[in-house]
Amino acid sequence: MRKYFPVNPVFPHPAISLKKFLRGISFTIFILPFLCNIYAQENPADKLWAEAQAKMQSGRFKEANADFEQFALKAVNNDSRLPEAMFNQGFALSREKGIAFASTLRPWESLIKRFPKSEWSAKALGEIITYYTNLNDPKANTYRRQLTEQFPGSPVTISLTRAEADKLFTDKKYTEAMKLYSTIESSLDENGKKNFLLSKMLAEAGSSPAKLLEAAETVFLSGDDTDKALLQTAKELYLEVLTKSNQLSAEQIARAKTRLGWCHYAGIPDYAEADKAEKLWGEVIAQGKKDDLWVGESQWRLIQLYAGPMNFQKEGQWKVSIKYCDEMIKNFPIGQFRHEQALFSKAWLLRCHGQWQDSLQAFNQLISEYPNKAKQKVIQDYIQECQEHLK
């Protein structure tokens, strides 16, 4: 009879102590990560991947391309890095001087065919489209259609579509721009939504000056009235509107001229077109009723022009602003915004120029006609300042 049971391949021989067995298991667990790491380092595909990435980052594009190509040959078919490697092949070649685009195109077209659902294929199509677009080559449209059909929701599709729509909008091809914006409407930011709305309005406006005026107003009121790019767009529209002024009402003409004046005044650096603004506002005042909305707006703009940074230090110019303040105080009844605005502006301007007695009189008139203003600390401080200077 045998002394021991036969050796079981699963369980240790009874003659081996439990202590020795556990020690062996511990050693195996300890050494296994190192063995795996050594194996990974010796994996030729992994080594090529690391070297290719390093060469790409250092700008050695031709060498990087060769390594990515070798990686694609040696990696197993289910390696998740394969699409990126194939994209990087073409990308590296596209950055290398003296390499024909046909060489770049080959790995990208192979990628698109082999991995038709990969986002790296969408990126490859995006690079191809950009290349042909810069050359004004009609092939760009062919690849653009493929991108749109194959990857309708891809960030690449959305980005390129937006760029093309913006270009069409800038080129005043509003119908084409509107169609492109509509395909990515849910992904548009606020500026994109504004351009989409305007392209739609302008496409529908045609030659109608009233509809063009509405579009100009949408631009003018859509942001900060010191945004020079926005004001430039609005200015072009208002100028176009006024070429057809015989089809507009007196109110529409006054509105367009008043808004256009501000586009001239604030839309160009260093007030280079302030004289055009002054002329337009003067025309509105001369041609309208004294208490007309746009007459008041034009008078207010002239107050800003004569008292603002362009003329603030010029001798006597601020007094022209006082004249327009008096006109507004006289023409607009107590309780209307323009009346209150003009009265405060007059008092404040007189204070700024050291006319303490006249400023105090204007502030007293302000709180007399608008008693709630007397409770405002800033008004109280201005009145106290005037009184102290008159002691």
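The model is a predicted one, in which local features need pLDDT of at least 70 and side-chain atom pairs count only at pLDDT 80 or more, while totals for chains, interfaces and linings use all residues. Residues are numbered from 1 along each chain as its sequence is written, and side-chain values use heavy atoms, with hydrogens and water left out.

**The protein as a whole**

- Of the 391 residues in the protein, 40% are buried. Buried means under 20% relative accessible area, exposed means over 50%, and partly exposed lies in between, with a 1.4 Å probe and protein chains only.
- Taking contacts (heavy atoms within 4.5 Å) between residues at least 6 apart in sequence, 48% join residues at least 24 apart.

**Helix H2 and its surroundings**

- H2 covers residues 44-57, and its 14 residues reach 20 Å from first C-alpha to last, close to the 20 Å expected at 1.5 Å a residue. The expected span is 1.5 Å times one less than the number of residues.
- Which residues of H2 are buried? They are Ala45, Leu48, Trp49, Ala52, Lys55 and Met56.
- Seen down the axis of H2, these buried residues fall within an arc of 135°, so they line one face of the helix. The arc is that of the directions from the helix axis to the C-beta atoms.
- On the other side of H2, you will find Lys47 and Gln57 exposed.
- The buried residues of H2 pack against helix H3 (61-74) and helix H4 (82-94).
- Just after H2, Gly59 has a positive phi of about 85°.

**H2 against H4**

- The axes of H2 and H4 come within 12 Å and cross at roughly 35°. Axes here are lines fitted to C-alpha atoms, for helices over the stretch in contact, and angles run from 0 to 180 degrees between N-to-C directions.
- This crossing of H2 and H4 is left-handed, a term for a near helix turned anticlockwise from the far one by less than a right angle, with right-handed used if clockwise.
- From H2, Trp49, Gln53 and Met56 make the contact, and from H4, Glu84, Ala85, Asn88, Phe91 and Ala92.
- By class, the contact of H2 with H4 has five nonpolar, two polar and one charged residues. Ala, Val, Leu, Ile, Met, Phe, Trp, Tyr, Cys and Pro count as nonpolar, Asp, Glu, Lys and Arg as charged, and the others, Gly among them, as polar.

**H18 against H19**

- Helices H18 (residues 356-369) and H19 (residues 377-389) pack at an angle of about 145°, and their axes are 9 Å apart.
- The crossing of H18 and H19 is left-handed.
- H18 brings Trp356, Ser359, Leu360, Phe363, Asn364, Leu366 and Ile367 to the contact, and H19 brings Ile379, Tyr382, Ile383, Glu385, Cys386, Gln387 and His389.
- The residues of the contact of H18 with H19 divide into nine nonpolar, four polar and one charged.
- Gln380 also sits in H19, where Gln380 is partly exposed at a relative accessible area of 39%.
- Gln380 and Phe363 are 17 residues apart in sequence and 9.3 Å apart in space, C-alpha to C-alpha.
- Beyond its neighbours within four places in sequence, Gln380 is in contact with Ala374 and Lys375.

- Asn331 belongs to helix H16 (residues 317-331) and is buried, with a relative accessible area of 13%. Apart from neighbours within four places in sequence, Asn331 is in contact with Lys290, Asp291 and Gln299.
- Arg255 lies in helix H13 (residues 250-267) and counts as buried at 19% relative accessibility. Apart from neighbours within four places in sequence, Arg255 is in contact with Leu213, Glu217 and Trp294.

**Positive phi in loops**

- Asn136, a residue other than glycine, has a positive phi near 55°. Asn136 is in the loop between helix H6 (119-134) and helix H7 (139-150), and at 70% relative accessibility counts as exposed.
- Lys172 is not a glycine either, yet has a positive phi of about 65°. Lys172 is found in the loop between helix H8 (155-170) and helix H9 (174-183), and at 48% relative accessibility counts as partly exposed.

Notes
Helices (H or I, at least four residues) and strands (E, at least two) are DSSP runs, numbered from the N terminus.
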